[in-house]
Amino acid sequence: MKPELLRPDNVTPPTRTPWGGRKILEHYKAALGLSSVAGAVGESWEVSVEPSFPSRLAVSGETLADVIGRSPVAWLGGAVATRFDGQTPLLIKLLDSADNLSVQVHPADGDPALGDGESGKPESWIVLDAEPGAGIYLGFRDGVSRTDVERCLAIEGPVDELLNFVVVQPGDVFVLRAGTPHAIGKGVTLVEPQFVSPGRRGVTYRFWDWNRRYDDQGRLDPDGAPRALHVDRSLAVTDWDGPRGEAFVKSCRSEPRRIETPAMARQRLVDWPWFVAERWQGSGTLDLVAPGTMSALTCVEGSAVVRAGEDEVVLPCGQSCVVPAAAGALRVTGDGARLIACRSRLPDEPAMSAGGG
């Protein structure tokens, strides 16, 4: 078992993510030969077994889901393979918001109203870049009630005035539990690790989409059609009992925790029940013990060599690789690298007391 590069071209079409830009293609993946991809690209599904946009291995072209499915214990480790019926619940996206995303909310996994093949979607945001003043909309402001939101929706907004707006900086990290109203604002680029039950499609309910209309190519058009909204479901799954305002924003912030290493900098970014995420950065060599499950590495700056035993792959900026549990210990050698490393949380694994609990 060895590390495997994933194809870098698993990107969404403009009709699905009309708010996207060109940063993913022209900055992060600039050296990967994707210049022929036309239009806006809002998301690159870097690591995915989700049926909508499944990842494929760069060499063989097989889907990651098929490869894991043939040897689930070797890929995921016994504990994770057993817990998730032989498949990974990890979904890792690279996201570029050239315009505001819709105001939306995700249901909890196991919500009884979910249909066959649907999953809840707890997620986190690891900010890579932000234009001056850019930010995110995260939870409702102090004093905002369900009635206030319903009244605002009845007159078609503006819903953003009811939400907390948080200016962000590169390196900021947030966790979004089920029931959290949110929107990524214009001018933010981030990595978005998510939990999606294997074999299912992660569900998003839209409250409001800024009253925009689009043509059939996903371009803004005042004579076009609006995107579908899911107002009743959005209201139903929102957590109305939690805190509001700055207290809520604070509860969503995850403070990176440094892990001492002799070379590359290593930080634990997210440490919560669904997955663990870290940032590995710099030049030099990072030796890591076998994590006990599959590791997913996304390079967003520089490059790195990822080695397990006698096998290695070169991981350039804008590409991802997966390392099976059976590969054992890892050696990562960075060249001005910045990697986001994600994996499923192991049962009974103790937390590091990092943010995002």
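Which residues of helix 5 are buried? In this predicted model, the buried residues of helix 5 are V149, C152 and L153. They take up an arc of only 95 degrees around the axis, which places them on the same side of helix 5. The buried residues of the helix have three packing partners, namely strand 7, strand 13 and helix 6.

Helix 5 is followed by E156, which has a positive phi near 65 degrees. A cis peptide bond then joins G157 and P158, with omega at about 10 degrees. P158 itself sits in the loop between helix 5 (146-154) and strand 8 (163-167).

Helix 7, which covers residues 245-252, can be read in a similar way. Its buried residues are G245, F248, V249 and C252. Their arc around the axis is only 100 degrees, and therefore they fall on the same side of helix 7. E246 and K250 are exposed on the other side of this helix. The buried residues of helix 7 pack against strand 7 (135-140), strand 8 and strand 9 (173-176).

The loop between helix 6 and helix 7 contains D241. With a relative accessibility of 76%, D241 counts as exposed, because the cut-off for that class is over 50%. In sequence, D241 and S145 are 96 residues apart, yet their C-alpha atoms are 9.9 Å apart in space.

Two further loop residues deserve a look at their backbone angles. D85 is not a glycine, but its phi is positive, at about 55 degrees. This residue is located in the loop between helix 4 (78-83) and strand 3 (90-97), and its relative accessibility of 72% makes it exposed. N211 is another residue other than glycine with a positive phi, here near 55 degrees. It belongs to the loop between strand 13 (205-208) and helix 6 (231-237). N211 is partly exposed, as its relative accessible area is 47%.

These local features can now be set within the whole chain. Its secondary structure consists of seven helices and 20 strands. The C-alpha trace spans about 65 × 45 × 40 Å along its principal axes. For 357 residues, a compact globule would have a radius of gyration near 21 Å, so the value of 20 Å for the protein chain agrees with that expectation. Of the 357 residues, 55% are buried. When contacts between residues at least 6 apart in sequence are considered, 76% of them join residues at least 24 apart.

How values were computed. Residues are numbered from 1 along each chain as its sequence is written. This is a predicted model: local features need pLDDT of at least 70, side-chain atom pairs count only at pLDDT 80 or more; totals for chains, interfaces and linings use all residues. Side-chain values use heavy atoms; hydrogens and water are left out. Helices (H or I, at least four residues) and strands (E, at least two) are DSSP runs, numbered from the N terminus. The radius of gyration is taken over C-alpha atoms; the globule rule is 2.2 Å times the number of residues to the power 0.38. Buried means under 20% relative accessible area, exposed over 50%, partly exposed in between (1.4 Å probe, protein chains only). Contact means heavy atoms within 4.5 Å. The arc is that of the directions from the helix axis to the C-beta atoms.
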